[in-house]
Amino acid sequence: MSFDNVIGQHRVKGILQRALSNNRVSHAYLFTGPEGVGKEALAIEFAKALLCTGDDRPCDECANCRRIDAFQHPDFNFLFPSSAKNTDEERAILDSIMQNPYNRKKPWASPTIGIEQIRELRHLAVLKPLEGRRIIVIAEADRMTVQAANSLLKLLEEPPDTMHLILTASQVNSMLPTILSRCQEIRFGPLPDNEIELALVEKMQQAPEKARLIAGMSQGNFRRALQWMDDRFTKSRNDAVEFLRACLKGQKTQIELVEDMAKRYDKKQIKDILSLLLIWFRDALLLSEGGPEQRLVNIDQMETLQKFLGAFESIDFYAASAEIEKSMTMIERNIHINLILLVLMIKLQKIMKLRGR
Ligand SMILES: [Zn+2]
């Protein structure tokens, strides 16, 4: 009963393990916390533990464990936001969850969980399970429409004895209080860097140095870590450094670079580049204060970082970080990206004072 397939989250695992061994499993759980920290992954493992016939639950070997792993257990239902009309797309999403719950494929047009999906679920919920228990996972339950949530409420008010419901959500604020009050909330925190690093080495076969670098960039989110694993990382970091260089150049170069970036990248990618820039400044600050090198994220860029520091008379790191963070929030709010980037460049230019000027 170790939930080894799930990264970190030892406190949460402990709560669920105790519930299992004391046979006091709740009828409705709500797993809350940021994205990419393993809420769905643990929901699946917990479902396995509830139906496992092995000694060490979940054993990963018995027929029930394997059928849940393949999403083919008749007593296990996994629901997620979907338009419900496109079954091919649904299958593709389920397949991606099956392969890696941390890195599931998301539909393009972020749909909601509609009342039809919940109605269907309520029919299922009352069917007699084959193995004594029915486990229903609703991923991203915070995307239920109000009608869907109200329909689910009826099920929560009188849950069948055999049913265990696990909801996951990252935006609890948008959920009906009446739903929240009927679920046992289990809070997931961001993953510590060292857990992500270990998982990248052990589960994803990354080289230790690269794993540390990616862990430092992923802000406690394993999904982000997986996205950084490809070459995009090196490319984005080069873009971040290029952006920084352009801050010191004339306006024409700056405008050209910004236009080029806005053309090549979407909002999310530009935010990633800015978060790399943020980490760059953090590393530079650490280095300038003589902090331990092991704590640098861009450990492979020591020389460039030193050169960067050497070029300036003074840098107000806190002001620079604040400006970058502000720009990231503004991008979120859909303000014209070119303008945000250009203003950021001009501000950073003022904050960083070149030597001999
Ligand atoms: Zn098993």
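Two residues count as in contact if their C-beta atoms, placed from the backbone, lie within 7 Å. Everything here comes from a predicted model, where local features need pLDDT of at least 70, side-chain atom pairs count only at pLDDT 80 or more, and totals for chains, interfaces and linings use all residues. Residues are numbered from 1 along each chain as its sequence is written.

**View 1. Ile324 and its contacts.** Ile324 sits in helix 15; helices (H or I, at least four residues) and strands (E, at least two) are DSSP runs, numbered from the N terminus. Setting aside neighbours within four places in sequence, Ile324 touches Leu274, Leu277, Leu278 and Leu344, in the contact sense. Ile324 is buried because 21 other C-beta atoms lie within 10 Å; the cut-off for buried is 20 or more such atoms, with C-beta atoms placed from the backbone.

**View 2. Helix 13 and what covers it.** Helix 13 (residues 267–288) has 22 residues and reaches 32 Å from first C-alpha to last, close to the 32 Å expected at 1.5 Å a residue; that expected span is 1.5 Å times one less than the number of residues. Its buried residues include Leu274, Leu277 and Trp280. Among the elements covering them are helix 9 (208–217), helix 12 (251–264) and helix 15 (317–332). Just past helix 13, look for Gly290, with a positive phi of about 70°.

**View 3. Strand 2 beside strand 3.** Strand 2 (residues 76–79) has Phe76 and Phe78 on its covered face, with Asn77 and Leu79 on the uncovered one. Four bridges tie strand 2 to strand 3 (residues 134–138), and the two run parallel. Across from Asn77 you'll find Ile136 of strand 3.

Conventions
A residue is buried if 20 or more other C-beta atoms lie within 10 Å of its own, exposed if 12 or fewer, and partly exposed in between; C-beta atoms are placed from the backbone. Two strands pair if DSSP finds at least two bridges between them.
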